[in-house]
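Subject: Structure handover

Hi,

Here is the structure for you to look over. My notes follow below it.

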Amino acid sequence: MPNVLRADGITVKFGGVTAVNNVSLSLGSGEILGLIGPNGAGKTTLFNAVTGFAPMHSGRITLLDKDITTLPAFKRTRLGFGRTFQTERPFEELTVLENVLVAAFLTAGRRSEAERLAMGVLEQVGLADRAHQPALDLNLARRRRLELAKALAVKPKVIFLDEIMAGLNPPALREMIAFVRSLSAQGLAVLMVEHIMEAIIELSDHVIVLASGEKIAEGTPHQVTSDERVIEAYLGTD
Amino acid sequence: MIKHLIGLGVLLAVGIAYPAIFPNNLTIAISVLLFAGWATSWDLLGGWNGQVSLGHASFVGLGAYFVAIGQSQFGLAPWWTMAMAAAFAAVLGYFWGQLTFSLRGPYFSLSTIAVAEILRLVAINEEWLTGGATGVFIATLPEPFGIDLFSRTAQFYMALAFAAMVIAIVIAISRGRFGYQLRAVREDEDSAMASGIDPTATKLKAFMLSAALTSIGGGIYGIVLAFIEPHVIFALLLSVQIALTAIIGGRGTIWGPAVGALVLVGAGEMFRTTFAEANMLIYGILILVVVLFLPRGIVGELARRHIRRLYAKRAQG
């Protein structure tokens, strides 16, 4: 499978602390890569470094063979990155539709065109009936879906999902899992940081396990969940 | 959209008839219109884009000085010097923004105070050009189509055209791509970047446009004053009044700054004539009431309630 995204030797340092140490990953279209690890393992930091929201110490990132290592986050978005934030960050003063319009205007020149694109995405995530509600008023599950809608409205080639399953009740979780699967079925490359193992096991083609900023295991969901180092990292040793 | 265009039509209709109906109240109306235009220009940056400037007197002063110096020293007509002032203000906004938009929080606002202060000092010290602390006097003006630009009626119509133009520009921007980029950057810069928006470029554009528009109003103000003194035109008080007008009326709304101008300038004048010495007290109380009970400003609060009501109705039925 040709690579859509490649990240080689990503290292992120905060002062003297190495938050992510020499981690590499690659992702093809339609592929789902799961990123797991205990709290503080550097998952979100890696995520932010790849998407351009955290400065990298060293490493190289390519999107469709184009080197994007030094590009700022908004340029990576323009080239095909879509991302959600772990703590949802809607534009609170805007309505649900307007939130998605902001992203839709990236590719749509005219208002009517942007509105059509935004409504399409809202229908896809099941928020169309909330389009004119202030974003501030949405509950958690709907705020998550709005994050997704905003990420999808930039028409990404790779979508980065940062713990979008966390805190969802079982039916909402099932829906979200089905939704992420449908994204990969459309050919989108998906990189997800997730704590919910159920989602990781069901969805991921490939899993990377981080602990203390290092990649400690990599493979299919089945391989990594039976890996001793992984169990050790999660449960600790005596 | 239609609503706003109707509003603009009403403003123009009332404005065009006004001098015939109230020929003795033109000066106050000119003030209201200039403040409406300035506050609306300020709001492009301060309200829609969330970058609070306390230095917009800089641009008012630039416009006024360009018109006055252009006329008195070079014999240039005000329309040329206003266009030059707008271009100069945009360039100044660009460099100023380049220097300061990496500052977050109140630091940008603080830096804006400094710029007006620098311009005031330049105006005082470069006497050969600006007349120094004494100021510049406009003795003659051209008479396009036989119109006397020194007449209050002509000045009123200029101020009306200025206010209407700025409001029309904001109406046009508010629904399009740039309008949403402005708001997205105001709400959350990271989230805006995730939507492919360059926050610094957006702020620079907003600042340049805001500065250019403000300076055009400044040029008209120069004609109205006919005598420009640096400590009056580059005063911090003027910068604060412009910001306050927009904030009281409603930041980030199309009509808020204009309503703010009507309330603050209009009421301010009324208080001054009715209550004499007590007017600043009442002015202060008015500001306090708005800040305490209408934190989004007059129009901002009304708009929010309207949206809530609409949504509640839709949710029920």
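Two residues count as in contact here if their C-beta atoms, placed from the backbone, lie within 7 Å. Keep in mind that this is a predicted model.

First, the contact between the chains. Chain A puts 24 residues into it, and chain B puts in 18 residues. On chain B, three helices each supply at least two residues of the side that touches chain A: α8 (177–187), α9 (189–194) and α15 (298–316). The largest share comes from α8(B), with five residues. What is the class make-up of that side of chain B? Seven residues are nonpolar, four are polar and seven are charged.

Next, strand β3 of chain A, residues 32–36. The strand is mostly covered, with five of its five residues buried. That holds on both faces. I32(A), G34(A) and I36(A) are buried on one side. L33(A) and L35(A) are buried on the other. In a regular strand, side chains alternate between the two faces of the sheet.

Which strands pair with β3(A)? One is β8 of chain A, residues 189–193. This pairing is parallel and has four bridges. Another is β9 of chain A, residues 206–211. β3(A) and β9(A) also run parallel, joined by four bridges.

In β9(A), the bridge partner of G34(A) is V207(A). G34(A) is also among the buried residues of β3(A).

Best wishes

How values were computed. Residues are numbered from 1 along each chain as its sequence is written. Chains are lettered from A and ligands numbered from 1 in the order in which they are written. This is a predicted model: local features need pLDDT of at least 70, side-chain atom pairs count only at pLDDT 80 or more; totals for chains, interfaces and linings use all residues. A residue is buried if 20 or more other C-beta atoms lie within 10 Å of its own, exposed if 12 or fewer, and partly exposed in between; C-beta atoms are placed from the backbone. Two strands pair if DSSP finds at least two bridges between them. Ala, Val, Leu, Ile, Met, Phe, Trp, Tyr, Cys and Pro count as nonpolar, Asp, Glu, Lys and Arg as charged, and the others, Gly among them, as polar.
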